[in-house]
Amino acid sequence: MIEGAWRRFACAMTLFVCAASIGGARATPSVSDTPVKIGKPYTVRGATYRPADDPDYDEVGYASWYGEELSGARTANGERFLPGGITAAHRTLPLPSYVEITAIETGRTILVRINDRGPFTGGKLIDLSRGAAEQLSVDGRSRAPVRVRRVTPSAEERAMLRAGRSVAERPETSGEVLAALWDRLAETGISTQ
C-alpha cells in the first residue's frame, strides 16, 4: 500500500513539473545568450533588411508594442515570447542583443533584451513587449519616439532579463540630450503621426 501511494505521489509530481514547464504561470523558460544569431538578408513586404553586428548602433525612431496576441509563440531566435518579459523585436541587430531604450518625451531609459525580428510596418524602429512598454511607460500608445542604443550590460543584468525580469532604470536623460534627440528624430523625416 505504501509503495502504491509512493508511485501515485511520484506520478503526480511528474505531471506537476511537466505542466509547469509547458505553460504554468511560474515556469521560467530556459534562454541563453548563445549562440548569437545574425542571419542573412531577408525581405518582408518588399523591403530588404540586412542583419549586422553593429556594436555602435544608436538610432532614433518610433517604438510600438505587442502583448498577449503572441504569447507563447516562438521568437526569431527560438525562445517562447513572454508578453510580460522585458524584450523587443528589431529588424537587424543580432539575436540576442541588449539595448538601452530612451523615451524621448520623458527621458526614461530602460535596458531591454532583443530576441525577435520586427517591426515591419509604419516606419517603426523597434517593437517592445508589453512588459518593456509598461516599464518605459509607453504602453498606452500605438507608437512613441525613442532612442535605441546597443550596450553590453553586466552579467547580472543579462541574467535578470533572460529570466523575464526588469533591471533598474538607467539615470534619466538630461533635457539637453533630449533636445538633441528630438533634432535627430526630425532629421529622419519620419512623421510624428
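The paragraphs that follow treat the barrel, the helices, the salt bridges and the aromatic rings in turn.

The structure is a predicted model. Its sheet is a closed barrel of six strands in the order 3-7-4-6-5-8, and the pairing is mixed. Direction ignored, neighbouring strands of this sheet are turned by 45° against each other on average. Strands of a sheet pair through backbone hydrogen bonds, in either a parallel or an antiparallel manner. Strand 3 (residues 58-66) and strand 8 run antiparallel and are joined by six bridges. Within this pairing, Val 60 has Arg 147 of strand 8 as its bridge partner. Helix 3 packs on the sheet, where it touches strand 5 and strand 6, and its direction makes about 60° with that of strand 6. Helix 4 also packs on the sheet, in contact with strand 3, strand 5 and strand 8; the direction of helix 4 makes about 85° with that of strand 3.

Side chains of opposite charge can pair when their charged atoms come close. In the whole structure, 12 salt bridges are found. One of them joins the side chains of Asp 33 and Arg 158, with an N to O distance of 3.6 Å. Asp 33 belongs to the loop between helix 1 (2-23) and strand 1 (42-44), while Arg 158 belongs to helix 3 (residues 155-162), so this pair ties together parts that lie 125 residues apart in sequence. Asp 33 has a relative accessibility of 17% and therefore counts as buried, whereas Arg 158, at 24%, counts as partly exposed. The two residues also take part in a network of salt bridges that links Asp 33, Glu 79, Arg 113, Arg 158 and Arg 162.

The closest N and O atoms of Glu 100 and Arg 149 are 2.6 Å apart. Because Glu 100 lies in strand 5 (residues 97-103) and Arg 149 in strand 8 (residues 144-151), the pair ties together parts 49 residues apart in sequence. Glu 100 is buried, with a relative accessible area of 14%, and Arg 149 is partly exposed at 29% relative accessibility.

A further salt bridge joins Arg 108 to Glu 169, with 2.3 Å between the closest N and O atoms. This pair links distant parts of the chain, 61 residues apart: Arg 108 is in the loop between strand 5 and strand 6 (109-116), and Glu 169 is in the loop between helix 3 and helix 4 (175-188). Arg 108 counts as partly exposed at 25% relative accessibility, and Glu 169 counts as partly exposed at 36%.

The aromatic rings remain to be described. Four aromatic pairs are found in the whole structure. In one of them, the rings of Tyr 42 and Tyr 49 have centres 5.5 Å apart and planes at 35°, so the pair is tilted. Tyr 42 and Tyr 49 are both buried. Ring pairs join these two residues and Phe 120 into a cluster. The rings of Tyr 66 and Phe 81 have centres 4.7 Å apart and planes at 15°, so this pair is stacked. Since Tyr 66 lies in strand 3 and Phe 81 in the loop between strand 3 and strand 4 (87-89), the pair ties together parts 15 residues apart in sequence. Both Tyr 66 and Phe 81 are buried. Finally, the charged end of Arg 143 sits over the ring of Tyr 62, at 4.1 Å from the ring centre.

Definitions and conventions: Residues numbered from 1 in each chain as written. Predicted model: local features only at pLDDT ≥ 70, side-chain atom pairs only at ≥ 80, totals over all residues. Heavy atoms only, no water. Salt bridge = Lys/Arg side-chain N within 4 Å of Asp/Glu carboxyl O. Helix = DSSP H or I, 4+ residues; strand = E, 2+ residues; numbered from the N terminus. Buried < 20%, exposed > 50% of the residue type's maximum accessible area, 1.4 Å probe, protein only. Pairing = 2+ DSSP bridges. Axes fitted to C-alpha atoms, helices over the stretch in contact; angles between N-to-C directions. Contact = heavy atoms within 4.5 Å. Phe/Tyr/Trp six-rings, centres within 6.5 Å; stacked < 30°, edge-to-face > 60°. Lys NZ or Arg CZ within 6 Å of the ring centre and 35° of its normal.
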